[in-house]
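Have a look, then follow the questions.

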Amino acid sequence: MLATLSTVSKARWFLLGHMLGVRDVSTSCKLCAKVRGNQKKRELTEKKLTRHFVDHRRVRLVAGSGGKGACSFHSEPRKEFGGPDGGNGGDGGSIVIKADRFIKSLAHVVPVYMGEDGQSGGSKNCYGRNGSPTFISVPLGTVIKEQGKTIVDLCKHGQEYLAVFGGTGGKGNRFLLSNENRAPMTATPGTEGQERNLQLELRTMAHAGLVGFPNSGKSSLLRAISNARPAVAAYPFTTLNPHVGIVKYRDHEQVAVADIPGIIRGAHLNRGLGISFLRHIERCRFLLFVLDLSTQEPWVQLQHLRYELDQYEPGLSQRPQAIVANKMDLPESREKLETLRSQVTERVIPVSALTGQNTEELILHLRELYDGYLQGNSSGEDKPTRW
C-alpha cells in the first residue's frame, strides 16, 4: 500500500514538472523554495539616498472630533421615573509633533494626518472613549512654521509640540439635568477638531559644518576624519543631501561634523538648491571652509563662499572657523599653499582627504574649536546636542 502511494505521488510530481516545462522534479522544488543564505546587503547609491532624505515637508493636520452626547432615560422594572442617564461623548484625539534623535529625515512624514475621533456617549451614564493622540516623530533640528512664521524649534530629544487640539465631546442629557428641567430631551454634539497647515523644515544639527564649492573633497574629508560614509567616486559629482559624521576622541567626547552639499555662486538667490543647502549651515557653531588648492585661485573661492553665507544670513561667515586646504597630494597644490596663507588671516590646515595626510592636525583643531564653544556656553543656556 505504501509503495502504491509513493508511486502515485511521484507520478503527480512528474506530471506537474511536465506542465511547468521542468524535466527534473528536484529543479521544480528549488523553484518553489526560498533562496537561503547570507546575501550581501548592497550599499545605497547617492541617488537612492536622496530619495530617503527629505528636509522639507508641508503637512495638513486635522485633529479628531468629539463624540456625540447620548439622550436616554433609565429604564428598570418597578421604577417609573428613572431620570436621564445619557453619557457624554469622548474628546477627539490631538496631534503632537515630537523630536526624536533616532530619526534622520522627514521622508516618513505624510502630507495629511487625521486624528482619532472620540466615541459617542451611551445609556446608563456611559461616557464615550477619548480619541488616542497621534504622534509625529521628526528629527532633531526641525523647525515648524505656519505661513512663513516660525512657531517652534524642536532641538532637544523628546521635545513635544501640541500642534492641533482635539474636539470636545458632546454633553449627554444627564449633564443637562437641572431643577428647572428634570427630564431634558436633548444632547449636544461634539465639536470638530482643530485644523492647521504647517511647514516642517529640517536644519542639520551639527557642531561643525564643511563648507565649500562642489568637488572640493568635502565628502572624502568627512570619511577620513569621522565614522560617516558618504558616497564618493573617482569622477566629479555633487553630494545631494547633508551627511553628519561623528569624530570621537579618547576622553569619550564626540563632535558632530556635517558635510554641507556644494554651494554655487548665487546660492542665496536660490540658484540650484542654494537655500536648501544654506539652511543646514545655520545650526553649525563653527565652520570649516574646504578649498580645492588644485584650482587656479583658491583664495577667490573663499571670498565667494563668505559672500554667499553673509547674503543668506548677515554675520554667518564670521563664526569661529578654520580653512582646510584640501588635495595637497597634487603637485600644483603645494605651490599655492604659501600664497593662500598670505591672503588670509585665519589658520590654514593643509590636508589630503585621499591619502589622509595631516588629518590629525585638523581633528585636534576641531577639538579646540569645540572646547572654545563649550567655554563660551558654560552657563548651559545653549548646550550642544549629545550624539
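Q: What makes up the contacts in the protein with a separation of 6 or more?
A: Residues 24 or more positions apart account for 72% of them, where a contact means heavy atoms within 4.5 Å. This is a predicted model, where local features need pLDDT of at least 70, side-chain atom pairs count only at pLDDT 80 or more, and totals for chains, interfaces and linings use all residues. Residues are numbered from 1 along each chain as its sequence is written, and side-chain values use heavy atoms, with hydrogens and water left out.

Q: What about Cys 71: buried, partly exposed or exposed?
A: Cys 71 comes out at 39%, so it's partly exposed. Across the protein, buried residues make up 43% of the 387 residues.

Q: How many disulfides does the structure hold?
A: It holds 0, going by the rule that a disulfide is a pair of cysteine sulfur atoms within 2.5 Å.

Q: Which strands stand at the edges of the open sheet, and why are they called that?
A: The sheet has 6 strands in the order E10-E11-E9-E12-E13-E14, with mixed pairing. E10 (243-248) and E14 (348-350) each have a single partner strand, so one side of each lacks a neighbour in the sheet. From one strand to the next, the twist averages 25°. Strands here are DSSP runs (E, at least two residues) and helices are too (H or I, at least four), numbered from the N terminus.

Q: How do you know that E10 and E11 pair?
A: Pairing takes at least two bridges found by DSSP. E10 and E11 (residues 254-259) have 6 bridges, in the antiparallel sense, so they pass that rule. His 243 stands opposite Asp 259 in E11.

Q: What makes a nonpolar core, and which residues touch the most other members of the largest one?
A: It's a set of buried Ala, Val, Leu, Ile, Met, Phe, Trp, Tyr and Cys residues joined through side-chain atoms within 4.5 Å. The largest has 26 residues, and Ile 281, Leu 309 and Leu 340 touch the most other members. E11, E12, helix H6 (298-312), E13 and H7 each give two or more residues to this core. H6 gives the most, with 4.

Terms used:
Axes are lines fitted to C-alpha atoms, for helices over the stretch in contact, and angles run from 0 to 180 degrees between N-to-C directions. Buried means under 20% relative accessible area, exposed over 50%, partly exposed in between (1.4 Å probe, protein chains only).
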